[in-house]
Amino acid sequence: MGAINGKEFIERMDRLNKEIWLDGERLEGKISEHPAFRGLLQSKASLYDFQFDLTLKEKLTFLSDETEERIGLSYLQPRTKEDLKRRRTMIEIWARHTNGLMGRSPDYMNSVVMAFASSALFLKGSENCFPENIISLYERARNQDLSFTHTFITPQVNRSQINFEKLKEPIAAKIVGKNEKGIIIKGARLLATQGGLTDEVLVYSAGGVTNDADAYAFSIPSDTKGLKFLCRESFVGGESAFDYPLSSRYEEMDTILVFDNVVVPWERVFFYENVDAANEFMEKSSFYHHAYHQAITRQVVKTEFLLGLAESLSDTINVCGYQHIQEKLSEIIIGLETMKALLLKSEEEAEMDEWGYMRPNLIPLKVASNVFPRIYPRFSEIIQLIGASGMVTLPTEKDFNSPIKKDLELYLQGSRKNAEERIKLFRLAWDLTMSSFGTRQTQYERYFFGDPVRLSSGLYHTYPKEEYCKRVKDLLDLKE
Ligand SMILES: Cc1cc2nc3c(=O)[nH]c(=O)nc-3n(C[C@H](O)[C@H](O)[C@H](O)COP(=O)(O)OP(=O)(O)OC[C@H]3O[C@@H](n4cnc5c(N)ncnc54)[C@H](O)[C@@H]3O)c2cc1C
(Lines give C-alpha, C1' and ligand atoms only; values in the text may rest on other atoms or scores of the structure.)
Protein backbone atom coordinates (compact mmCIF):
# COMPACT_ATOMS: atom_id res chain seq x y z
CA MET A 1 0.00 0.00 0.00
CA GLY A 2 2.71 2.54 0.99
CA ALA A 3 1.94 6.21 1.60
CA ILE A 4 -1.77 6.99 2.09
CA ASN A 5 -3.78 10.10 1.21
CA GLY A 6 -6.09 12.13 3.47
CA LYS A 7 -9.26 10.31 2.46
CA GLU A 8 -7.76 6.93 3.30
CA PHE A 9 -6.59 8.28 6.65
CA ILE A 10 -10.05 9.60 7.54
CA GLU A 11 -11.73 6.36 6.47
CA ARG A 12 -9.33 4.40 8.65
CA MET A 13 -10.01 6.63 11.66
CA ASP A 14 -13.77 6.23 11.18
CA ARG A 15 -13.51 2.45 10.89
CA LEU A 16 -11.59 1.92 14.16
CA ASN A 17 -14.03 1.16 16.94
CA LYS A 18 -12.26 2.93 19.80
CA GLU A 19 -13.55 3.52 23.32
CA ILE A 20 -13.28 7.29 23.71
CA TRP A 21 -14.92 9.16 26.59
CA LEU A 22 -15.56 12.90 26.35
CA ASP A 23 -17.58 15.01 28.76
CA GLY A 24 -19.29 12.06 30.40
CA GLU A 25 -20.26 10.25 27.21
CA ARG A 26 -18.82 7.47 25.12
CA LEU A 27 -18.31 8.64 21.55
CA GLU A 28 -20.59 7.09 18.96
CA GLY A 29 -20.50 7.43 15.19
CA LYS A 30 -17.80 8.71 12.89
CA ILE A 31 -15.01 10.38 14.81
CA SER A 32 -14.15 12.59 11.82
CA GLU A 33 -17.59 14.23 12.14
CA HIS A 34 -17.36 15.04 15.85
CA PRO A 35 -16.86 18.79 16.51
CA ALA A 36 -14.01 18.12 18.98
CA PHE A 37 -11.97 16.15 16.43
CA ARG A 38 -13.17 17.20 12.96
CA GLY A 39 -10.78 20.14 12.53
CA LEU A 40 -7.69 18.27 13.65
CA LEU A 41 -8.47 15.20 11.54
CA GLN A 42 -9.01 17.39 8.46
CA SER A 43 -5.65 19.09 9.12
CA LYS A 44 -3.95 15.71 9.46
CA ALA A 45 -5.66 14.51 6.28
CA SER A 46 -4.26 17.52 4.41
CA LEU A 47 -0.74 16.46 5.46
CA TYR A 48 -1.31 13.00 4.01
CA ASP A 49 -2.64 14.57 0.78
CA PHE A 50 0.65 16.43 0.40
CA GLN A 51 2.32 13.05 -0.15
CA PHE A 52 0.55 12.88 -3.52
CA ASP A 53 1.15 16.49 -4.56
CA LEU A 54 3.28 16.26 -7.70
CA THR A 55 5.49 19.15 -6.60
CA LEU A 56 6.12 17.67 -3.13
CA LYS A 57 5.97 13.91 -3.66
CA GLU A 58 9.73 13.51 -4.15
CA LYS A 59 10.44 15.40 -0.94
CA LEU A 60 7.80 13.72 1.20
CA THR A 61 8.12 10.10 0.09
CA PHE A 62 10.78 7.61 -1.01
CA LEU A 63 10.66 4.51 -3.15
CA SER A 64 10.73 1.24 -1.21
CA ASP A 65 13.42 -1.20 -2.40
CA GLU A 66 11.24 -4.13 -1.41
CA THR A 67 7.74 -3.23 -2.55
CA GLU A 68 8.55 -0.49 -5.08
CA GLU A 69 5.83 1.60 -3.48
CA ARG A 70 6.27 5.16 -2.30
CA ILE A 71 6.68 5.37 1.49
CA GLY A 72 6.29 8.39 3.81
CA LEU A 73 9.77 9.87 4.26
CA SER A 74 9.55 10.03 8.05
CA TYR A 75 9.97 6.24 7.86
CA LEU A 76 13.32 6.56 6.04
CA GLN A 77 16.15 4.93 8.03
CA PRO A 78 19.01 7.39 7.51
CA ARG A 79 22.34 5.96 6.32
CA THR A 80 24.03 9.26 5.43
CA LYS A 81 24.05 12.90 6.46
CA GLU A 82 22.21 13.58 3.21
CA ASP A 83 19.41 11.27 4.43
CA LEU A 84 19.17 13.30 7.64
CA LYS A 85 18.76 16.48 5.58
CA ARG A 86 16.09 14.77 3.46
CA ARG A 87 14.30 13.85 6.67
CA ARG A 88 14.52 17.45 7.93
CA THR A 89 13.18 18.84 4.64
CA MET A 90 10.20 16.50 4.88
CA ILE A 91 9.53 17.49 8.50
CA GLU A 92 9.83 21.20 7.60
CA ILE A 93 7.30 20.91 4.77
CA TRP A 94 4.68 19.32 7.01
CA ALA A 95 5.49 21.70 9.88
CA ARG A 96 5.17 24.77 7.63
CA HIS A 97 1.75 23.61 6.53
CA THR A 98 0.57 23.82 10.17
CA ASN A 99 3.10 26.51 11.21
CA GLY A 100 4.42 24.06 13.79
CA LEU A 101 1.11 24.05 15.63
CA MET A 102 0.44 20.36 15.26
CA GLY A 103 2.81 19.06 17.92
CA ARG A 104 2.05 15.48 17.06
CA SER A 105 1.95 15.46 13.30
CA PRO A 106 2.35 11.81 12.26
CA ASP A 107 6.06 12.21 11.41
CA TYR A 108 6.91 12.56 15.12
CA MET A 109 5.93 9.05 16.13
CA ASN A 110 6.86 7.61 12.72
CA SER A 111 10.39 8.82 13.49
CA VAL A 112 10.23 7.14 16.91
CA VAL A 113 9.09 3.80 15.45
CA MET A 114 11.85 4.09 12.82
CA ALA A 115 14.44 4.82 15.52
CA PHE A 116 13.35 1.90 17.73
CA ALA A 117 13.49 -0.48 14.75
CA SER A 118 16.91 0.81 13.67
CA SER A 119 18.27 0.02 17.15
CA ALA A 120 16.19 -3.09 17.88
CA LEU A 121 19.22 -5.39 17.75
CA PHE A 122 20.33 -3.88 21.07
CA LEU A 123 17.72 -6.19 22.64
CA LYS A 124 18.83 -9.30 20.75
CA GLY A 125 19.43 -12.26 23.04
CA SER A 126 18.19 -10.50 26.19
CA GLU A 127 15.63 -12.19 28.41
CA ASN A 128 11.96 -11.56 27.46
CA CYS A 129 12.96 -9.26 24.61
CA PHE A 130 11.55 -9.51 21.08
CA PRO A 131 13.49 -7.19 18.76
CA GLU A 132 11.88 -8.97 15.80
CA ASN A 133 8.49 -7.58 16.93
CA ILE A 134 9.81 -4.03 16.81
CA ILE A 135 11.16 -4.57 13.32
CA SER A 136 7.93 -6.13 12.08
CA LEU A 137 5.93 -3.25 13.62
CA TYR A 138 8.16 -0.81 11.74
CA GLU A 139 7.71 -2.71 8.47
CA ARG A 140 3.95 -2.85 8.90
CA ALA A 141 3.77 0.83 9.86
CA ARG A 142 5.98 1.86 6.94
CA ASN A 143 4.05 -0.23 4.41
CA GLN A 144 0.61 0.86 5.63
CA ASP A 145 1.53 4.44 6.65
CA LEU A 146 0.21 3.83 10.16
CA SER A 147 -0.03 6.66 12.68
CA PHE A 148 0.77 6.43 16.39
CA THR A 149 0.36 8.15 19.69
CA HIS A 150 2.48 7.24 22.68
CA THR A 151 2.27 7.13 26.42
CA PHE A 152 5.38 6.95 28.58
CA ILE A 153 4.36 8.49 31.92
CA THR A 154 2.60 7.08 35.01
CA PRO A 155 -0.38 8.89 36.63
CA GLN A 156 0.56 11.93 38.72
CA VAL A 157 -0.71 10.57 42.03
CA ASN A 158 2.38 10.71 44.21
CA ARG A 159 5.71 11.83 42.79
CA SER A 160 7.73 11.60 46.00
CA GLN A 161 10.84 9.48 45.62
CA ILE A 162 9.73 7.04 48.29
CA ASN A 163 6.32 6.35 46.85
CA PHE A 164 5.42 2.71 46.40
CA GLU A 165 1.93 1.83 45.32
CA LYS A 166 0.27 -0.12 48.13
CA LEU A 167 -3.26 -0.35 46.78
CA LYS A 168 -4.68 -3.70 45.66
CA GLU A 169 -5.79 -2.23 42.35
CA PRO A 170 -2.83 -0.93 40.32
CA ILE A 171 -2.91 2.77 39.44
CA ALA A 172 0.11 2.92 37.13
CA ALA A 173 -0.51 0.33 34.39
CA LYS A 174 1.27 -2.94 35.21
CA ILE A 175 1.65 -6.46 33.96
CA VAL A 176 -0.90 -8.35 36.04
CA GLY A 177 -0.75 -11.66 34.23
CA LYS A 178 0.32 -13.65 31.20
CA ASN A 179 -1.42 -16.31 29.14
CA GLU A 180 -0.92 -18.10 25.85
CA LYS A 181 -2.20 -15.01 24.00
CA GLY A 182 0.04 -12.39 25.58
CA ILE A 183 0.71 -10.16 28.60
CA ILE A 184 -2.21 -8.66 30.53
CA ILE A 185 -2.03 -4.96 31.45
CA LYS A 186 -4.16 -3.25 34.08
CA GLY A 187 -4.08 0.34 35.30
CA ALA A 188 -3.61 3.76 33.71
CA ARG A 189 -0.97 5.76 31.93
CA LEU A 190 -0.86 9.50 31.98
CA LEU A 191 -1.32 11.22 28.81
CA ALA A 192 -1.41 10.42 25.19
CA THR A 193 -1.85 13.47 23.02
CA GLN A 194 -4.14 12.62 20.10
CA GLY A 195 -5.18 9.45 21.95
CA GLY A 196 -7.89 7.79 19.87
CA LEU A 197 -6.91 9.80 16.79
CA THR A 198 -4.23 7.42 15.55
CA ASP A 199 -4.09 3.82 14.32
CA GLU A 200 -1.98 2.57 17.23
CA VAL A 201 -0.71 3.42 20.71
CA LEU A 202 2.92 2.84 21.61
CA VAL A 203 3.30 2.16 25.32
CA TYR A 204 6.68 2.26 27.04
CA SER A 205 7.43 2.47 30.74
CA ALA A 206 10.15 5.08 30.66
CA GLY A 207 12.59 6.20 33.31
CA GLY A 208 13.56 4.71 36.63
CA VAL A 209 11.74 1.37 36.37
CA THR A 210 12.49 -0.77 39.43
CA ASN A 211 10.32 -3.85 39.16
CA ASP A 212 9.36 -6.46 36.60
CA ALA A 213 5.65 -5.64 36.51
CA ASP A 214 6.43 -2.10 35.33
CA ALA A 215 9.05 -3.14 32.77
CA TYR A 216 7.37 -3.48 29.38
CA ALA A 217 6.93 -1.91 25.98
CA PHE A 218 4.53 -2.66 23.15
CA SER A 219 2.30 -1.17 20.48
CA ILE A 220 -1.38 -2.05 20.04
CA PRO A 221 -4.22 -0.87 17.80
CA SER A 222 -6.27 1.96 19.29
CA ASP A 223 -9.39 -0.21 19.27
CA THR A 224 -7.89 -3.04 21.32
CA LYS A 225 -10.47 -4.52 23.73
CA GLY A 226 -10.28 -2.97 27.21
CA LEU A 227 -8.34 0.14 26.13
CA LYS A 228 -10.12 3.40 27.03
CA PHE A 229 -9.22 6.98 26.12
CA LEU A 230 -10.43 9.56 28.66
CA CYS A 231 -10.41 13.01 27.06
CA ARG A 232 -10.01 16.36 28.78
CA GLU A 233 -12.56 18.97 27.76
CA SER A 234 -12.24 20.10 24.16
CA PHE A 235 -10.45 23.39 23.49
CA VAL A 236 -12.10 23.88 20.09
CA GLY A 237 -13.54 27.38 20.53
CA GLY A 238 -15.94 26.94 17.62
CA GLU A 239 -16.10 26.22 13.91
CA SER A 240 -15.32 29.73 12.66
CA ALA A 241 -11.72 30.02 11.44
CA PHE A 242 -12.15 33.81 11.78
CA ASP A 243 -12.93 33.53 15.50
CA TYR A 244 -10.73 30.53 16.34
CA PRO A 245 -8.06 30.38 13.64
CA LEU A 246 -6.01 27.78 15.51
CA SER A 247 -8.27 25.72 17.75
CA SER A 248 -10.69 25.11 14.86
CA ARG A 249 -7.81 23.42 12.99
CA TYR A 250 -5.20 22.09 15.40
CA GLU A 251 -6.79 21.15 18.72
CA GLU A 252 -4.99 17.86 19.43
CA MET A 253 -6.79 16.61 22.54
CA ASP A 254 -4.94 14.97 25.44
CA THR A 255 -6.17 11.72 26.91
CA ILE A 256 -5.58 9.50 29.91
CA LEU A 257 -5.27 5.86 28.93
CA VAL A 258 -6.97 3.17 30.97
CA PHE A 259 -6.04 -0.47 30.44
CA ASP A 260 -8.85 -2.68 31.67
CA ASN A 261 -7.10 -6.06 31.65
CA VAL A 262 -5.90 -5.46 28.12
CA VAL A 263 -4.34 -8.53 26.50
CA VAL A 264 -1.29 -7.46 24.50
CA PRO A 265 -0.62 -10.23 21.97
CA TRP A 266 2.87 -11.74 22.18
CA GLU A 267 3.74 -10.62 18.66
CA ARG A 268 3.10 -7.03 19.78
CA VAL A 269 5.42 -7.10 22.82
CA PHE A 270 8.87 -5.44 22.48
CA PHE A 271 9.96 -6.66 25.92
CA TYR A 272 8.38 -7.56 29.26
CA GLU A 273 9.58 -8.14 32.83
CA ASN A 274 13.06 -6.92 32.00
CA VAL A 275 14.02 -3.89 34.11
CA ASP A 276 17.36 -3.39 32.33
CA ALA A 277 15.70 -3.32 28.92
CA ALA A 278 13.12 -0.77 30.16
CA ASN A 279 15.81 1.50 31.56
CA GLU A 280 18.44 1.11 28.85
CA PHE A 281 16.78 0.62 25.47
CA MET A 282 15.52 4.17 25.11
CA GLU A 283 18.92 5.63 26.04
CA LYS A 284 20.95 3.30 23.84
CA SER A 285 18.61 3.43 20.84
CA SER A 286 18.44 6.39 18.45
CA PHE A 287 15.07 7.35 20.00
CA TYR A 288 16.26 10.67 21.44
CA HIS A 289 18.28 11.58 18.34
CA HIS A 290 15.39 11.27 15.94
CA ALA A 291 12.58 12.36 18.28
CA TYR A 292 14.54 15.55 19.09
CA HIS A 293 15.48 16.06 15.44
CA GLN A 294 11.81 15.99 14.41
CA ALA A 295 10.59 18.10 17.32
CA ILE A 296 13.26 20.78 17.05
CA THR A 297 12.69 21.13 13.31
CA ARG A 298 9.01 21.72 14.07
CA GLN A 299 9.83 24.13 16.92
CA VAL A 300 12.05 26.18 14.57
CA VAL A 301 9.12 26.50 12.15
CA LYS A 302 6.81 27.46 15.01
CA THR A 303 9.26 30.14 16.19
CA GLU A 304 9.39 31.55 12.65
CA PHE A 305 5.60 31.83 12.78
CA LEU A 306 5.71 33.52 16.19
CA LEU A 307 8.21 36.05 14.88
CA GLY A 308 6.01 36.71 11.85
CA LEU A 309 3.03 37.25 14.11
CA ALA A 310 4.86 39.50 16.61
CA GLU A 311 6.22 41.66 13.79
CA SER A 312 2.80 41.86 12.09
CA LEU A 313 1.12 42.93 15.36
CA SER A 314 3.75 45.62 15.91
CA ASP A 315 3.38 46.86 12.37
CA THR A 316 -0.42 46.92 12.52
CA ILE A 317 -0.49 49.29 15.47
CA ASN A 318 2.74 51.00 14.40
CA VAL A 319 4.90 50.36 17.46
CA CYS A 320 7.99 48.96 15.68
CA GLY A 321 9.82 52.27 16.22
CA TYR A 322 10.07 51.79 20.00
CA GLN A 323 13.36 50.33 21.20
CA HIS A 324 11.80 48.03 23.77
CA ILE A 325 9.57 46.55 21.05
CA GLN A 326 12.65 46.03 18.87
CA GLU A 327 14.40 44.41 21.83
CA LYS A 328 11.48 42.01 22.28
CA LEU A 329 11.40 41.13 18.61
CA SER A 330 15.18 40.60 18.71
CA GLU A 331 14.68 38.21 21.60
CA ILE A 332 12.58 36.05 19.29
CA ILE A 333 15.15 36.37 16.47
CA ILE A 334 17.95 35.29 18.84
CA GLY A 335 15.92 32.29 20.00
CA LEU A 336 15.08 31.34 16.43
CA GLU A 337 18.65 31.55 15.15
CA THR A 338 19.96 29.66 18.21
CA MET A 339 17.54 26.81 17.61
CA LYS A 340 18.35 26.71 13.87
CA ALA A 341 22.09 26.67 14.53
CA LEU A 342 21.77 23.83 17.05
CA LEU A 343 19.69 21.81 14.60
CA LEU A 344 22.21 22.24 11.78
CA LYS A 345 25.11 21.44 14.14
CA SER A 346 23.41 18.18 15.08
CA GLU A 347 23.33 17.18 11.40
CA GLU A 348 26.85 18.42 10.69
CA GLU A 349 28.26 16.37 13.57
CA ALA A 350 26.10 13.30 12.92
CA GLU A 351 27.72 9.89 13.29
CA MET A 352 27.04 6.37 12.15
CA ASP A 353 25.85 4.05 14.94
CA GLU A 354 26.91 0.45 15.45
CA TRP A 355 24.02 -0.79 13.29
CA GLY A 356 24.97 1.36 10.30
CA TYR A 357 22.41 4.16 10.73
CA MET A 358 23.22 7.86 10.84
CA ARG A 359 22.36 9.63 14.11
CA PRO A 360 22.28 13.42 14.48
CA ASN A 361 24.59 14.55 17.29
CA LEU A 362 22.66 14.48 20.55
CA ILE A 363 24.36 17.30 22.46
CA PRO A 364 23.14 20.24 20.32
CA LEU A 365 19.70 18.63 20.21
CA LYS A 366 19.63 18.26 24.00
CA VAL A 367 20.72 21.88 24.36
CA ALA A 368 17.91 22.98 22.03
CA SER A 369 15.40 20.90 23.97
CA ASN A 370 16.54 22.71 27.13
CA VAL A 371 16.34 26.11 25.45
CA PHE A 372 12.85 25.85 23.93
CA PRO A 373 10.78 25.15 27.08
CA ARG A 374 12.26 28.37 28.51
CA ILE A 375 11.96 30.65 25.48
CA TYR A 376 8.53 29.56 24.24
CA PRO A 377 6.57 30.85 27.28
CA ARG A 378 8.55 34.10 27.04
CA PHE A 379 7.70 34.49 23.34
CA SER A 380 4.06 33.94 24.17
CA GLU A 381 4.40 36.69 26.81
CA ILE A 382 6.08 39.01 24.27
CA ILE A 383 3.08 38.66 21.96
CA GLN A 384 0.76 39.53 24.87
CA LEU A 385 2.94 42.53 25.78
CA ILE A 386 2.94 43.87 22.23
CA GLY A 387 -0.78 43.23 21.73
CA ALA A 388 -1.81 44.78 25.10
CA SER A 389 -5.56 45.63 25.14
CA GLY A 390 -5.82 44.47 21.52
CA MET A 391 -5.64 40.94 22.92
CA VAL A 392 -9.08 41.36 24.51
CA THR A 393 -10.94 43.81 22.28
CA LEU A 394 -11.89 41.04 19.91
CA PRO A 395 -15.28 41.13 18.19
CA THR A 396 -16.38 37.98 16.38
CA GLU A 397 -17.16 37.12 12.78
CA LYS A 398 -20.88 37.55 13.60
CA ASP A 399 -20.22 41.09 14.89
CA PHE A 400 -18.69 41.97 11.53
CA ASN A 401 -21.83 40.67 9.82
CA SER A 402 -24.16 42.72 12.05
CA PRO A 403 -25.43 46.33 12.07
CA ILE A 404 -22.57 47.19 14.48
CA LYS A 405 -20.04 46.64 11.69
CA LYS A 406 -19.77 50.38 10.93
CA ASP A 407 -18.60 51.17 14.45
CA LEU A 408 -16.13 48.30 14.39
CA GLU A 409 -14.69 49.45 11.07
CA LEU A 410 -14.09 52.92 12.43
CA TYR A 411 -12.86 52.26 15.94
CA LEU A 412 -10.96 49.01 15.53
CA GLN A 413 -8.96 49.77 12.43
CA GLY A 414 -5.16 49.56 12.63
CA SER A 415 -2.61 52.05 11.44
CA ARG A 416 -1.93 49.86 8.40
CA LYS A 417 -4.94 47.54 8.31
CA ASN A 418 -8.70 47.78 8.12
CA ALA A 419 -10.65 46.67 11.19
CA GLU A 420 -11.52 43.22 9.92
CA GLU A 421 -7.91 42.37 9.06
CA ARG A 422 -6.63 43.84 12.30
CA ILE A 423 -9.09 41.75 14.31
CA LYS A 424 -8.19 38.60 12.36
CA LEU A 425 -4.57 39.15 13.32
CA PHE A 426 -5.29 39.87 16.97
CA ARG A 427 -7.63 36.90 17.23
CA LEU A 428 -4.76 34.76 15.95
CA ALA A 429 -2.45 36.22 18.61
CA TRP A 430 -5.10 35.55 21.27
CA ASP A 431 -5.69 31.98 20.08
CA LEU A 432 -1.95 31.32 20.13
CA THR A 433 -1.24 32.73 23.58
CA MET A 434 -4.38 33.34 25.66
CA SER A 435 -7.26 31.04 24.69
CA SER A 436 -7.49 27.62 26.36
CA PHE A 437 -5.92 26.27 23.16
CA GLY A 438 -3.08 28.81 23.42
CA THR A 439 -2.26 28.29 27.09
CA ARG A 440 -2.20 24.54 26.48
CA GLN A 441 0.33 25.20 23.69
CA THR A 442 2.59 26.84 26.26
CA GLN A 443 2.24 23.95 28.69
CA TYR A 444 2.81 21.50 25.86
CA GLU A 445 6.08 23.10 24.74
CA ARG A 446 7.22 23.36 28.38
CA TYR A 447 6.79 19.65 28.98
CA PHE A 448 7.37 18.31 25.49
CA PHE A 449 10.42 16.24 26.38
CA GLY A 450 9.60 15.87 30.06
CA ASP A 451 10.19 17.98 33.12
CA PRO A 452 12.57 20.87 32.18
CA VAL A 453 14.26 20.61 35.61
CA ARG A 454 15.22 16.99 35.04
CA LEU A 455 16.09 17.71 31.41
CA SER A 456 18.78 20.19 32.45
CA SER A 457 19.99 17.80 35.12
CA GLY A 458 20.31 15.14 32.39
CA LEU A 459 22.30 17.54 30.20
CA TYR A 460 24.60 18.39 33.10
CA HIS A 461 25.28 14.73 33.86
CA THR A 462 25.96 13.67 30.25
CA TYR A 463 27.87 16.71 28.99
CA PRO A 464 31.61 15.95 28.63
CA LYS A 465 33.32 18.43 30.97
CA GLU A 466 36.57 16.59 31.79
CA GLU A 467 38.70 18.30 29.12
CA TYR A 468 37.76 21.75 30.43
CA CYS A 469 38.50 20.77 34.04
CA LYS A 470 41.87 19.45 32.89
CA ARG A 471 42.78 22.87 31.44
CA VAL A 472 42.14 24.48 34.83
CA LYS A 473 44.16 21.76 36.54
CA ASP A 474 47.04 22.17 34.07
CA LEU A 475 47.22 25.93 34.51
CA LEU A 476 47.47 25.64 38.28
CA ASP A 477 49.53 22.46 38.22
CA LEU A 478 46.98 20.73 40.46
CA LYS A 479 47.44 17.05 41.27
CA GLU A 480 43.79 16.08 41.90
C1 LIG B 1 0.01 19.22 26.94
C2 LIG B 1 0.81 17.99 27.29
C3 LIG B 1 0.81 16.92 26.40
C4 LIG B 1 1.53 15.74 26.72
N5 LIG B 1 1.51 14.67 25.86
C6 LIG B 1 2.12 13.52 26.19
C7 LIG B 1 2.05 12.36 25.34
O8 LIG B 1 1.46 12.39 24.27
N9 LIG B 1 2.66 11.22 25.75
C10 LIG B 1 3.34 11.15 26.92
O11 LIG B 1 3.89 10.09 27.23
N12 LIG B 1 3.43 12.23 27.74
C13 LIG B 1 2.84 13.39 27.41
N14 LIG B 1 2.91 14.48 28.24
C15 LIG B 1 3.51 14.26 29.57
C16 LIG B 1 4.87 14.87 29.72
O17 LIG B 1 5.84 14.00 29.24
C18 LIG B 1 5.00 15.15 31.24
O19 LIG B 1 4.21 16.28 31.52
C20 LIG B 1 6.41 15.41 31.70
O21 LIG B 1 7.19 14.27 31.53
C22 LIG B 1 6.44 15.80 33.19
O23 LIG B 1 5.81 14.82 33.94
P24 LIG B 1 4.56 15.18 34.85
O25 LIG B 1 3.62 16.02 34.06
O26 LIG B 1 4.03 13.91 35.38
O27 LIG B 1 5.15 16.09 35.97
P28 LIG B 1 5.66 15.63 37.42
O29 LIG B 1 6.76 14.65 37.24
O30 LIG B 1 4.51 15.16 38.22
O31 LIG B 1 6.23 16.97 38.00
C32 LIG B 1 5.42 17.91 38.76
C33 LIG B 1 6.34 18.91 39.44
O34 LIG B 1 7.16 18.24 40.41
C35 LIG B 1 8.55 18.36 40.11
N36 LIG B 1 9.15 17.03 40.27
C37 LIG B 1 8.52 15.82 40.24
N38 LIG B 1 9.39 14.82 40.41
C39 LIG B 1 10.61 15.38 40.53
C40 LIG B 1 11.92 14.85 40.71
N41 LIG B 1 12.16 13.55 40.80
N42 LIG B 1 12.95 15.73 40.78
C43 LIG B 1 12.73 17.06 40.69
N44 LIG B 1 11.50 17.62 40.52
C45 LIG B 1 10.46 16.79 40.44
C46 LIG B 1 8.61 18.80 38.63
O47 LIG B 1 9.75 19.61 38.38
C48 LIG B 1 7.30 19.59 38.46
O49 LIG B 1 7.50 20.91 38.86
C50 LIG B 1 2.25 15.66 27.94
C51 LIG B 1 2.24 16.76 28.82
C52 LIG B 1 1.54 17.91 28.50
C53 LIG B 1 1.55 19.05 29.48
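Reply: Four elements each supply at least two residues of the shell around the ligand: β5 (148-151), β7 (182-193), α15 (436-446) and α16 (452-462). The model is predicted. The shell has 19 residues, and those that come nearest to the ligand are Phe 152, Thr 193, Tyr 444, Tyr 447 and Gly 450. By class, the shell divides into seven nonpolar, seven polar and five charged residues.

Where does the ligand shell lie relative to domain 1 and domain 2? Domain 1 (6-281) and domain 2 (286-470) both give residues to the shell, so it lies between them.

Take two of the annotated positions in turn. Val 453 sits in helix α16. Val 453 counts as exposed because it has 9 C-beta neighbours inside 10 Å. Arg 454 also belongs to helix α16. With 11 C-beta neighbours inside 10 Å, Arg 454 counts as exposed too.

Next, the two domains. The domain assignment of the protein chain gives domain 1 as 6-281 and domain 2 as 286-470. Their C-alpha centres lie 25 Å apart. Across the interface, 37 residues of domain 1 are in contact with 32 residues of domain 2. On the domain 1 side, the elements that give two or more residues are α4 (81-98) and α5 (106-118). Helix α4 provides the largest share of that side, nine residues. That side has 16 nonpolar, 11 polar and 10 charged residues.

Now the core. In soluble globular proteins, nonpolar side chains tend to be buried together. Here the largest nonpolar core has 117 residues. Val 113, Phe 271, Ile 383 and Ala 429 touch the most other members. Helix α9 (residues 287-316) gives the most to this core, with 12 residues. Which domains contribute to this core? Domain 1 and domain 2 both give residues to it, so the core lies between them.

Ala 429 shows how these contacts run. Not counting residues up to four places away in sequence, Ala 429 touches Leu 309, Leu 313, Ile 383, Gly 387 and Met 391.

Is Ile 296 buried or exposed? Ile 296 is buried, because 27 other C-beta atoms lie within 10 Å. Leaving out residues up to four places away in sequence, Ile 296 touches Met 339, Leu 343, Leu 365, Ala 368 and Ser 369. The pair Ile 296 and Ala 368 spans 72 residues in sequence. In space, their C-alpha atoms are 7.2 Å apart.

Helix α11 (residues 362-387) holds Ile 382. Ile 382 is buried, with 22 other C-beta atoms within 10 Å. Setting aside neighbours within four places in sequence, Ile 382 is in contact with Ala 310, Lys 328, Glu 331 and Ile 332. Ile 382 and Glu 25 are 357 residues apart in sequence, and their C-alpha atoms are 39 Å apart in space.

Last, two backbone details. Most residues other than glycine have a negative phi. Asp 23 has a positive phi, near 50 degrees. Asp 23 sits in the loop between β1 (19-22) and β2 (25-26). Asp 23 is exposed, because 10 other C-beta atoms lie within 10 Å. Met 253 has a positive phi as well, near 65 degrees. Its place is the loop between α7 (247-250) and β11 (254-265). Met 253 is buried, with 25 other C-beta atoms within 10 Å.

Notes:
Residues numbered from 1 in each chain as written. Predicted model: local features only at pLDDT ≥ 70, side-chain atom pairs only at ≥ 80, totals over all residues. Near = placed C-beta within 6 Å. Nonpolar A, V, L, I, M, F, W, Y, C, P; charged D, E, K, R; others polar. Domains from an automatic or database assignment. Contact = placed C-beta atoms within 7 Å. Core = buried A, V, L, I, M, F, W, Y, C linked by C-beta atoms within 7 Å. Buried ≥ 20, exposed ≤ 12 C-beta atoms within 10 Å, placed from the backbone.
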